[in-house]
Amino acid sequence: MLNVRGGEDNGSGKQKPNAYLTVCLALCLAVILSLCMTLIDGARRNGARMETECVMDIGLQSIMAEYHRELMKQYNLFAIDSSYGTGSCSKVNTESHLRKYLARNFSYDDILFSKFIYGDFFGLEVKEAQLKKVSILTDYDGGVFRNCAVEAVKSDIGIGLLQDIQEWMQVVEVNGLEEGKEEAQKQDLDAQIGEWMAEYNGTEVEIEEGEWETVELYNPTEALEGKKNLGILKLVTEGEETLSQNALDTDNLVMARMERGQINRGNLEQKAQSETGGLLEKFLFQEYLLQCMGRYGAECEEDALRYQIEYLIVGNGSDIENLRSMANRLCILREAANAMYLWSNEAKRAEIKLIAGLVCTLILLPELIPILEGAILLAWAYAESIYDVKTLLAGGKVPLLKDDNSWHYGLSAALAGDLQDKGAGEEGLGYIDYLRIFMMFTNVNTITARAMNMVEADIRNTPGNSAFRLDGCYETVEAYVKVGSRHGFEYEITRRKSYH
């Protein structure tokens with residue numbers, strides 16, 4: 001409020017005006033100036049807080065964008081390699097990268113003529129940047145790796161296949177197809193036949209009155225047993241020389257390091273899986289592995305092992321040994337299923353009884369008939385199982401339980417050891433389906449550990465990744481950052497970022 005009043009006479013007949021600011025106006029100006037300064041300081045603090053949050057998000061996104069390219073390319077997995085190609089895995093490396101990105105985003109130095117055009121209103125700088133928590137792919141016995149794999153295929157796999165696998169597993173379990181008792185039974189029967197041969201061969205029996213004949217007892221399954229001695233791979237493949245000779249030194253891979261307690265561990269908790277969720281997770285995980293890894297008939301030339309799925313099930317470091325074990329396991333399963341079919345088929349049982357009867361009648365040993373029947377039946381089942389395994393490895397299909405239409409070998413061909421046939425069946429389960437069954441029967445932690453071995457070995461085969469370690473790969477990070485301003489205030493912020 002401006003108050004003007006007349007002044008005193010200065011002797012010239014004119015009055016001199018006297019104007020002044022009142023106390024009220026002075027107080028108002030002080031309040032207004034204080035309010036403006038407070039608003040400016042508040043704008044600076046809030047703007048600085050927002051800039052801190054934005055820069056923090058950008059910094060985390062920047063380090064997450066440095067995912068391992070080869071891991072993503074081969075296995076569709078996103079993770080930060082904390083060694084950054086140096087072979088030395090440490091949170092310090094990632095913290096250094098985060099600090100660099102934060103500092104660059106707080107700086108105006110890369111703006112053209114920034115010193116002349118722009119002023120740094122906030123004056124922020126990074127004082128501290130730490131990774132408080134990380135989740136590593138190998139955590140929880142590979143549970144994090146498994147979850148990432150499941151997420152990678154969850155939207156692509158239908159659960160109808162899971163129902164089929166459960167039905168196949170039930171057939172195998174109910175009928176004991178993996179027990180392998182048929183081979184033991186065959187060996188026992190052959191031993192009994194051998195005892196009879198040792199006792200009666202060379203003796204004379206009276207065929208008719210006055211007519212004697214020397215007993216010449218033989219095992220009608222000898223020809224087939226001779227084929228077994230060649231080894232399973234010679235019977236079901238073109239020969240070992242045509243197979244992969246790759247081998248893997250597992251001593252320095254993640255599974256061995258886990259057993260020795262020499263791996264890096266994260267500190268983020270993981271949700272526990274329910275029993276139902278665990279079964280679905282295991283199914284999705286093995287489908288992921290079947291998509292990403294090679295197997296017999298679908299090999300990847302660049303991989304450390306060609307028969308990777310077989311390695312996951314068997315666990316041997318050699319392709320040859322893994323395939324041999326898998327062929328034997330298939331043969332055992334198929335032999336049990338085929339023997340079960342023969343026991344239930346009256347026509348084929350009659351054929352077996354006829355052959356056994358002819359052998360024993362000629363030498364007048366009818367008590368040997370049941371033993372020969374069992375040996376012949378199991379030999380016939382084995383011959384059919386060789387055909388089945390050969391068919392599967394050639395890309396054909398074989399029903400889990402056979403019927404008259406899917407049975408192949410006749411009894412005479414089986415006993416003669418003529419095992420050259422190879423089918424290309426179009427009904428039943430393929431080789432990959434039998435692998436699914438075996439994977440489901442294998443402990444999920446064992447499958448996971450071997451899968452991580454394969455991932456690590458494959459990545460190490462690529463240029464610049466010879467020291468790659470899966471236990472140095474971060475899937476989730478939680479960072480703490482302290483930011484200071486030259487205007488005298490500080491901010492602390494914690495953010496978590498994950499690929500899922």
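Modeller: Happy to. Let's begin with surface patches: a patch is made of residues with over 30% relative accessible area and no salt bridge, where like charges are joined within 9 Å and nonpolar side chains (Val, Leu, Ile, Met, Phe, Trp, Tyr) within 5 Å. Accessible areas come from the Shrake-Rupley method with a 1.4 Å probe, and for residues only the protein chains shown count as cover. A salt bridge is a side-chain nitrogen of Lys or Arg within 4 Å of a carboxyl oxygen of Asp or Glu. Here, Met37, Ile40 and Phe121 make a nonpolar patch of about 280 Å².

Please keep in mind that this is a predicted model, in which local features need pLDDT of at least 70 and side-chain atom pairs count only at pLDDT 80 or more, while totals for chains, interfaces and linings use all residues. Residues are numbered from 1 along each chain as its sequence is written, and side-chain values use heavy atoms, with hydrogens and water left out.

Colleague: Where does Phe121 lie?

Modeller: Helices (H or I, at least four residues) and strands (E, at least two) are DSSP runs, numbered from the N terminus. Phe121 is in the loop between helix 4 (114–117) and strand 4 (124–136).

Colleague: Which residues form the negative surface patch?

Modeller: For charge, Lys and Arg count as positive and Asp and Glu as negative; His and the chain ends are not counted. The place of a charge is taken as NZ of Lys, CZ of Arg, CG of Asp or CD of Glu. The negative patch is formed by Asp403, Asp404, Glu426 and Glu427. Of these, Asp403 sits in the loop between strand 7 (397–398) and helix 16 (411–415), and its 39% relative accessibility makes Asp403 partly exposed.

Colleague: How many salt bridges are found in the whole structure?

Modeller: The general idea is that side chains of opposite charge can pair when their charged atoms come close. A search of the whole structure finds 24 salt bridges. In one of them, Glu456 meets Arg257 (2.9 Å, N to O). Glu456 lies in helix 18 (residues 444–460) and Arg257 in helix 10 (residues 254–260), so this pair ties together parts 199 residues apart in sequence. Both Glu456 and Arg257 are buried.

Colleague: What does Arg436 pair with?

Modeller: The side chain of Arg436 forms a salt bridge with Glu287 (2.7 Å, N to O). Arg436 belongs to helix 17 and Glu287 to helix 11 (residues 275–292), so the pair joins parts 149 residues apart in sequence. Arg436 and Glu287 are buried as well. As for helix 17 (residues 431–441), 9 of its 11 residues are buried, including Tyr431, Leu435 and Phe438.

Colleague: What share of the protein chain is buried?

Modeller: Buried residues make up 46% of the 500 residues, in a chain with 18 helices and 10 strands.

Definitions and conventions: Buried means under 20% relative accessible area, exposed over 50%, partly exposed in between (1.4 Å probe, protein chains only).
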